[in-house]
Amino acid sequence: MTNATTESKQVAVNDIGSADDFLAAVESTLKFFNDGDLIEGTVVKIDRDEVLLDVGYKTEGVIPSRELSIKHDVNPDEVVQVGDPVEALVLQKEDKEGRLILSKKRAQYERAWGDVEKIKENEGVVTGTVIEVVKGGLIVDIGLRGFLPASLIELRRVRDLTPYLGQEIEAKILELDKNRNNVVLSRRALLEETQSATRSSFLAELKPGQVRKGVISSIVNFGAFVDLGGVDGLVHVSELSWKHIEHASDVVEVGQEVTVEVLSVELDRERVSLSLKATQEDPWQVFARTHAIGQIAPGVVTKLVPFGAFVRVADGIEGLVHISELSDQHVELAEQVVQAGQQVFVKIIDIDLERRRISLSLKQANEGVDPEGTEFDPALYGMTTEYDENGEYKYPEGFDPETQEWKEGFEAQREKWEQEYAAAQERWEAHKKQVAASIAEAAAAPAADNASSSFSSDSNSTGALADDEALAALKAQLEGN
């Protein structure tokens, strides 16, 4: 009976040995660490201030929240999740409370430094996310806190850095100092390398005479630079407009889309010369196409010279009214007839397109024009008029010459024609007023000459005019009182 009871109480066989042997077996299952070791573990708990990591030690390892990420003030839940494998560096094997203190951030640093150093040696490129905007630049997470100065973000200085936050960017490593924990990056250096290769390829494709679209990137005293798509070309101020301009800003503005022609490409100096006016029709060609000899044109007197007056008849187009073409009367000086800034109607008597000269006549413009007349020739005042090979007038499209009415479906053509007709008629009416004024001035001229003659005769003989003036002055004074 005793033997049976004894056998039933025996529940295990001691195959370990003594108590010391047992402790040794337990300790053999535990891991031992030294400060600075890199270890791996699994997240078992996440608190607001710390994360607990199972690393196979007698107690869980503790990662303070400040040691979780290179990004400041992070929420632990945004960095790790329960069950995540994590690599950490041993900061302190045992603190005052006997805890194993770890750092995920420092482990990341150790791994990253090796990788970044290799990239720096090979002049490679790092990729990271912008995690902070700080004074003077950006902080980029490349495993380390890389500093990207504002002046090295783009090819041109960037003032507002906020849009870069959260963006993934590539950059070159400029400086690397592990002792000072200093990493300086440059995105501009990478862009310049990329642009240099792109620029060379782009320049090789550019040929004089090509027409390209671009955007005004900057304006300088001697012209404007146009971004053709990574390559800037210069439009000299003389190539901006057919008319004379003082500054590029008179014609273009930064950000404006333009069409330019390539004038020359210097591959060795990487210079591109462009022309804006070459893509626009020469105003002299336009004038010659839209005006004819014998036509009456409105203009403005721009300058008086000893041999006549210059009149601007279109934007950038000036013609000469020779002194002999100013009036029917003999003229010694142009200012006897016209003044600078005066609006006049002149007749086109010659167009020399090759020499870019136009001869005009104020005298002939007024000849044969009846201020009270009602017969109006719209072609004479700038309305487009076409004739066929036989010299027959070509009616506008949509107009029926038999019925003298417009056909249905040609409303747009009719509206355009009526607008041109009204404009020509308005110029005709204004010209008649000019002629009427000229006739009135001519009629007044002899009277003025006679008065001048009477003044001279009376003054030399009796002085009656002086007496009359004295009496008139006295009368005015008395009436004033």
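How many contacts beyond four places in sequence does the model have for residues 470-481? Select that stretch: the model has zero of them, where a contact means heavy atoms within 4.5 Å. Over these residues pLDDT stays under 50; pLDDT is the predictor's confidence in each residue, from 0 to 100. Now pick residues 451-468, where pLDDT also stays under 50 and the model has three such contacts.

Some ground rules before moving on. This is a predicted model, so local features need pLDDT of at least 70 and side-chain atom pairs count only at pLDDT 80 or more, while totals for chains, interfaces and linings use all residues. Residues are numbered from 1 along each chain as its sequence is written, and side-chain values use heavy atoms, with hydrogens and water left out. Colour the chain by pLDDT: the average is 80, and 85% of the residues score at least 70.

Next, select Ser 103, in strand β5 (residues 100-103). Helices (H or I, at least four residues) and strands (E, at least two) are DSSP runs, numbered from the N terminus. Ser 103 has a relative accessible area of 0%, so it is buried; buried means under 20%, exposed over 50% and partly exposed in between, with a 1.4 Å probe and protein chains only. Show its surroundings: beyond its neighbours within four places in sequence, Ser 103 touches Ile 63, Glu 67, Ala 88, Leu 89 and Leu 91. A polar atom of the Ser 103 side chain also sits 2.9 Å from the backbone nitrogen of Arg 106.

Most residues other than glycine have a negative phi. Glu 123 is not a glycine, yet its phi is positive, about 55 degrees. Look for Glu 123 in the loop between α4 (104-121) and β6 (125-134); it counts as exposed because its relative accessibility is 63%. Asn 181 is not a glycine either and has a positive phi of about 55 degrees. Asn 181 is in the loop between β9 (168-177) and β10 (182-186), and at 42% relative accessibility it counts as partly exposed.

Last stop: select Val 301, Ala 309, Val 311, Val 321, Leu 326, Val 338, Val 344, Val 346 and Leu 362, which line the largest cavity. β17 (308-314) and β19 (343-352) are the elements that give two or more residues to that lining. A cavity is a set of points, on a 1 Å grid over the protein atoms alone, where a 1.4 Å probe fits but cannot get out; lining residues have an atom within 4 Å of a point. Its volume is about 30 Å³, taken as the space filled by probe spheres set on the points.

Definitions and conventions:
On a 1 Å grid over the protein atoms alone, a cavity is a set of points where a 1.4 Å probe fits but cannot get out, and a pocket is an open set with protein on both sides within 12 Å along at least five of seven lines; lining residues have an atom within 4 Å of a point. A polar contact is a pair of N or O atoms within 3.5 Å; within protein, one must be able to donate a hydrogen and the other to accept it, and residues adjacent in sequence count only if both atoms are side-chain atoms.
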